[in-house]
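Me: Please take a close look at one part of this model for me. I would like the loops and the packing beside them in one connected account.

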Amino acid sequence: MALSMSTVLSSSVCSSLQNGIGGDSSQRLGQQLKGTLCGGVARDCMRWGDPQVLVYPRTFPKVGVARAAWTRKSKSALDPPKNKKSWKQRHEKFLKPFMLDVFISNKYVHAKVVHRVTSHVVAVATTNAKDLRFSLPSLTDDNACKTVGRLLAERAIEADVFAVKFDLRKNEKFEGKLALVVNTMAENGVVLV
């Protein structure tokens, strides 16, 4: 194994310093030289067992060494990606393809049955339509909600839709006018799944 000139020089200087030249200033000089010259010669310094000389490797191995905080990946980056959907999440829209959408405003009540995969509107009923707008005394009361539910159930059955899925929107409660529309549909032959 061929040694470079700096390795031979540093090991010979380190060995002469180990034997000692004498004097207080020579020891300080020896310590400084050991730190500078023996920094690259890890085997010789480790053989001496000198605890004052710190030898740092030039490259860190990939395994077994703690990396600095700014180079460490975040915990979320180390976790596997969570965007993989389960079997149920991927196939639910095909197993329960029709969805009920109910919108109740201060002016009218609107409900529709939508195909989830193609976004095709299968059946719709609203109090704002011409056939209901002039026949109902109020477009938003309980009677109007029951009428919209009954009419939507009839139109859905005509389109061969006998079961629909209904999900509440965020901060929405199943009560009042919304419950009237959905329960009227269920009473008129459309099953809620």
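Reply: D160 is exposed, at 58% relative accessible area (exposed means over 50%, buried under 20%, partly exposed in between, with a 1.4 Å probe and protein chains only). This is a predicted model, where local features need pLDDT of at least 70 and side-chain atom pairs count only at pLDDT 80 or more, while totals for chains, interfaces and linings use all residues. Residues are numbered from 1 along each chain as its sequence is written, and side-chain values use heavy atoms, with hydrogens and water left out.

D160 sits in the loop between α7 (142–158) and β4 (163–164). Helices (H or I, at least four residues) and strands (E, at least two) are DSSP runs, numbered from the N terminus. The phi of D160 is near 60 degrees, a positive value in a residue other than glycine. S119 also has a positive phi, near 60 degrees, and is not glycine. S119 belongs to the loop between β2 (109–115) and β3. Its relative accessible area is 55%, so S119 counts as exposed.

T127 lies between β3 (121–126) and α6 (130–133). T127 counts as buried because its relative accessibility is 0%. Its side chain makes polar contacts (N or O pairs within 3.5 Å; within protein, one atom must be able to donate a hydrogen and the other to accept it, and residues adjacent in sequence count only if both atoms are side-chain atoms). A polar atom of the T127 side chain lies 2.9 Å from the backbone nitrogen of V109. The T127 side chain also reaches the backbone oxygen of L139, at 3.1 Å. Contact means heavy atoms within 4.5 Å. Leaving out residues up to four places away in sequence, T127 touches Y108, V109, L132, R133, L136, L139, A144 and V148.

Follow L136 next. L136 is in the loop between α6 and α7. L136 is buried because its relative accessibility is 13%. Beyond four places in sequence, L136 touches T127, A144 and T147. L136 and T147 are 11 residues apart in sequence, and their C-alpha atoms are 9.2 Å apart.

In β2, V109 is the bridge partner of I104. β1 and β2 run antiparallel, joined by 7 bridges (strands pair if DSSP finds at least two bridges between them). The open sheet has 3 strands in the order β1-β2-β3, with antiparallel pairing. β1 and β3 are the edge strands, each pairing on one side only. Twist averages 10 degrees from one strand to the next.

Two helices meet this sheet. α7 lies across β1, β2 and β3, at about 155 degrees to β3. α8 packs on the sheet and touches β1 and β2, with its direction at about 145 degrees to that of β1. Axes are lines fitted to C-alpha atoms, for helices over the stretch in contact, and angles run from 0 to 180 degrees between N-to-C directions.

Last, the core. The largest nonpolar core has 25 residues, and L100, V102, V113, L152, V164 and M185 touch the most other members. A nonpolar core is a set of buried Ala, Val, Leu, Ile, Met, Phe, Trp, Tyr and Cys residues joined through side-chain atoms within 4.5 Å. β1 (98–104), β2, β3, α7 and α8 (176–187) each supply at least two of its residues. α7 gives the most, with 7 residues. Apart from neighbours within four places in sequence, M185 is in contact with L100, V113, G149, L152, A153 and V190.
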